[in-house]
Amino acid sequence: YNAALDFNFREDNLAGYVEMKKGFGKKFSAGAGLRAENYTLNPELPAAQSMKKNYFNLFPSFNAIYRITSDINLIATYSRNISIPSSSQFDPNNSGYYDSYNTEVGNIMLKPNFYNNIEVKFSVLEYLQLSANYSHSQSLNLFELSVQPNSLQTVQTFKTYYNVSSLTYFFSLPVPFGIFREGMKYLNSAINIDKINFLYLYTSR
């Protein structure tokens with residue numbers, strides 16, 4: 001396509017990270033980290049007011065493992081993260097395939113995505129897993145379709161939403177194929193877990 005606007009985009013990132021891990025006996029271990037990042041975003045349009053933005057943030061992380069037995073673990077993690085929209089999501093020019101009824105346009109006013117994630121996971125032999133994940137986004141860029149009044153054209157773009165939260169659950173259970181051949185007595189035989197073929201059952205919401 002032929003760009004209608006002379007759009008320039010520059011992104012600079014300077015970051016540093018420290019991490020500490022410590023064991024507390026044979027059952028419990030924990031780790032903590034802190035990342036400092038300085039992002040500078042500078043989307044430029046001719047004859048437009050400067051839209052340069054600077055984001056300096058601290059991003060802590062934490063993880064803890066409680067070993068119930070040598071094969072069963074309870075794991076908890078927390079992290080704060082940032083992700084920056086791609087330059088194509090900022091670009092105000094139409095891009096990609098479009099026709100008289102469909103068009104795509106960037107949004108130069110997008111903000112970075114900020115996430116706070118908490119996960120608790122129960123793991124057996126690192127095969128059976130049950131977990132819950134809570135995520136809260138201070139700002140989150142989501143894909144949006146809109147139609148202007150008295151128009152037949154669908155516009156695809158990204159828009160920044162604020163204070164978006166989600167809670168998800170995940171469960172996975174590996175079922176050895178040997179159970180289908182020999183029944184439950186298969187579990188009483190000597191098993192090399194690294195040489196077993198599994199049927200994995202997943203569910204999440």
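Student: Ground rules before we start?
Tutor: The model is predicted: local features need pLDDT of at least 70, side-chain atom pairs count only at pLDDT 80 or more, and totals for chains, interfaces and linings use all residues. Residues are numbered from 1 along each chain as its sequence is written, and side-chain values use heavy atoms, with hydrogens and water left out.

Student: How many helices and strands does the chain have?
Tutor: Two helices and nine strands. These are DSSP runs numbered from the N terminus: helices are H or I, at least four residues, and strands are E, at least two. The order is β-β-β-β-α-β-β-β-β-α-β.

Student: How do β6 and β7 pair?
Tutor: They are antiparallel, with 11 bridges between β6 (residues 113-124) and β7 (residues 128-147). Pairing requires that DSSP finds at least two bridges between the strands. Val120 faces Ala132 in β7. Three residues separate the strands of this hairpin, and Leu125 has a positive phi near 55°.

Student: And what about β7 with β8?
Tutor: Antiparallel again, with 18 bridges; β8 covers residues 154-176. Leu142 has Lys159 in β8 as its bridge partner. Here the hairpin has six residues between the strands, and Asn150 in the turn shows a positive phi of about 60°.

Student: What does Ile72 touch?
Tutor: Leaving out residues up to four places away in sequence, Tyr66, Arg67, Phe122, Ser123 and Val124. Contact means heavy atoms within 4.5 Å.

Student: Why does Ile72 count as partly exposed?
Tutor: Because its relative accessibility is 23%. Buried is under 20% relative accessible area, exposed is over 50%, and partly exposed is in between (1.4 Å probe, protein chains only).

Student: New topic. Which residues make the nonpolar surface patch?
Tutor: Phe24, Phe28, Tyr66, Ile68, Leu74, Ile118, Val120, Tyr134, Leu167 and Tyr169, over about 880 Å². β6 and β8 are the elements giving two or more residues. Like charges are joined within 9 Å, nonpolar side chains (Val, Leu, Ile, Met, Phe, Trp, Tyr) within 5 Å. Areas are Shrake-Rupley, 1.4 Å probe, and for residues only the protein chains shown count as cover.

Student: Where is Val120, and how accessible?
Tutor: Val120 is in β6. It counts as partly exposed, at 43% relative accessibility.

Terms used: Patches are made of residues with over 30% relative accessible area and no salt bridge: like charges are joined within 9 Å, nonpolar side chains (Val, Leu, Ile, Met, Phe, Trp, Tyr) within 5 Å. A salt bridge is a side-chain nitrogen of Lys or Arg within 4 Å of a carboxyl oxygen of Asp or Glu.
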